[in-house]
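Here is a short report on helix packing and a few selected residues. Keep the sequence and the model open while reading.

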Amino acid sequence: MQQISVAKSSSSSCSPDTLANIQLLVIDIDGTIAGENNDVRKPVKEAITAAMAKGVKVAIATGRMYKSALRFYREINSNMPLICYQGALIKDPKDEKIYRHLPVAIELTLNLLEYLEQPELRALVPVHFYINDQLYVREITSETEFYAQRSGIEPIPVGDLRQILTAEPTKILAISHDRHRLNYLLNTLRQRYRPTELYVTTSSAIYIEATNPLVNKGTAVSYLAEKILGLQAANVMTIGDNFNDLEMIEYAGIGVAMGNAPTPVKDVAQWVAPGVEDDGVAAAIAEFLL
């Protein structure tokens with residue numbers, strides 16, 4: 001398999017001491033361990049198993065909701081707390097212990113909903129609310145059906161989303177297959193809300209995700225490594241493919257971007273792996289951990 005090293009630096013910049021110190025591997029799901037077919041390929045599973053056999057702990061960090069990520073957690077036999085909702089929720093499937101939950105304030109959620117339900121947006125950009133690990137939507141659209149099929153989640157249509165805001169949502173998602181519209185909306189939201197009010201990111205070309213401003217995968221991986229496991233950034237390797245992975249790639253001692261990642265994500269990585277369909281995670285594990 002052809003390995004790619006077109007990022008900031010090649011693997012040769014990592015000293016033997018750095019490689020020997022990696023004790024935690026954190027991997028994204030979509031575009032990283034799961035490609036178009038929504039499954040983890042055998043070479044990736046085998047590489048993860050081999051890393052675990054050498055004593056490396058393996059965790060997942062995903063934008064997916066907890067119950068949607070569980071299948072992948074089990075498929076790779078992870079035994080670490082699961083980072084989901086871009087890091088807004090860190091929960092251990094072994095005992096259901098919640099280590100961190102940082103939802104979006106109801107007042108801010110209502111303000112965002114009012115903006116997203118303007119007549120020119122309402123029919124074009126469906127909004128998803130995640131509350132208590134349930135997915136609530138105003139109505140079932142084709143975009144919602146696509147999302148539900150890939151995530152394995154049954155959405156709950158409620159009409160007016162305001163009526164279910166008796167609890168703070170963990171995440172708010174807007175969907176559009178019109179990339180021009182989505183990019184315009186992303187830029188508008190980042191101008192409308194300061195980073196101290198709302199964390200706004202993209203996890204794919206069709207999703208905009210909004211969470212608590214303290215939330216991103218970088219802070220979540222830091223929490224897992226330092227607060228839960230007693231490790232440091234130098235002990236961590238992360239692999240991701242999209243803008244929502246930027247912070248955890250920057251945080252880690254070894255940050256890897258997938259070959260299918262956008263250029264700005266590759267630019268912050270220390271190494272660029274082959275794409276997801278070419279088992280890039282397996283290549284990265286072989287390069288740095290085996």
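Pro43, Val44, Ala47, Ile48 and Ala51 in α2 meet Val281, Ala282 and Ile285 in α11. Contact here means heavy atoms within 4.5 Å. The residues of this contact divide into eight nonpolar, no polar and no charged. Nonpolar covers Ala, Val, Leu, Ile, Met, Phe, Trp, Tyr, Cys and Pro; charged covers Asp, Glu, Lys and Arg; the others, Gly among them, are polar.

This is a predicted model, numbered from 1 along each chain as its sequence is written. Local features need pLDDT of at least 70, side-chain atom pairs count only at pLDDT 80 or more, totals for chains, interfaces and linings use all residues, and side-chain values use heavy atoms, with hydrogens and water left out. Helices (H or I, at least four residues) and strands (E, at least two) are DSSP runs, numbered from the N terminus.

**Two helix pairs**

Helix α2 spans residues 42-53 and helix α11 spans residues 280-288. They pack at an angle of about 30 degrees, with their axes 8 Å apart. That makes α2 roughly parallel to α11. Axes are lines fitted to C-alpha atoms, for helices over the stretch in contact, and angles run from 0 to 180 degrees between N-to-C directions. Angles under 35 degrees count as roughly parallel, over 145 as roughly antiparallel, 65 to 115 as roughly perpendicular and the rest as oblique. α2 passes α11 in a left-handed crossing. A crossing is left-handed if the near helix is turned anticlockwise from the far one by less than a right angle, and right-handed if clockwise.

Helix α4 (residues 106-116) and helix α7 (residues 179-192) pack at about 140 degrees, and their axes lie 13 Å apart. α4 is therefore oblique to α7. Their crossing is right-handed. From α4, Asn111, Leu112, Tyr115 and Leu116 meet Leu185, Thr188, Leu189 and Arg192 of α7. This contact divides into five nonpolar residues, two polar and one charged.

Leucine 185 sits in α7. Its relative accessibility is 2%, so leucine 185 counts as buried. Buried means under 20% relative accessible area, exposed over 50%, and partly exposed in between (1.4 Å probe, protein chains only). Leaving out residues up to four places away in sequence, leucine 185 touches Tyr115, Leu116, Leu121, Val125, Ala174 and Ile208.

**Around helix α8**

Helix α8 covers residues 217-228. Its buried residues are Lys217, Gly218, Ala220, Val221, Ser222, Leu224 and Ala225. At the start of α8, a side-chain oxygen of asparagine 216 comes within 2.7 Å of the backbone nitrogen of glycine 218. Just after α8, glycine 230 takes a positive phi of about 70 degrees.

Glutamine 86 lies in the loop between β3 (82-84) and β4 (89-92). Glutamine 86 is buried, at 0% relative accessibility. Beyond its neighbours within four places in sequence, the contacts of glutamine 86 include Asn216 and Lys217.

Most residues other than glycine have a negative phi.

Key
A polar contact is a pair of N or O atoms within 3.5 Å; within protein, one must be able to donate a hydrogen and the other to accept it, and residues adjacent in sequence count only if both atoms are side-chain atoms.
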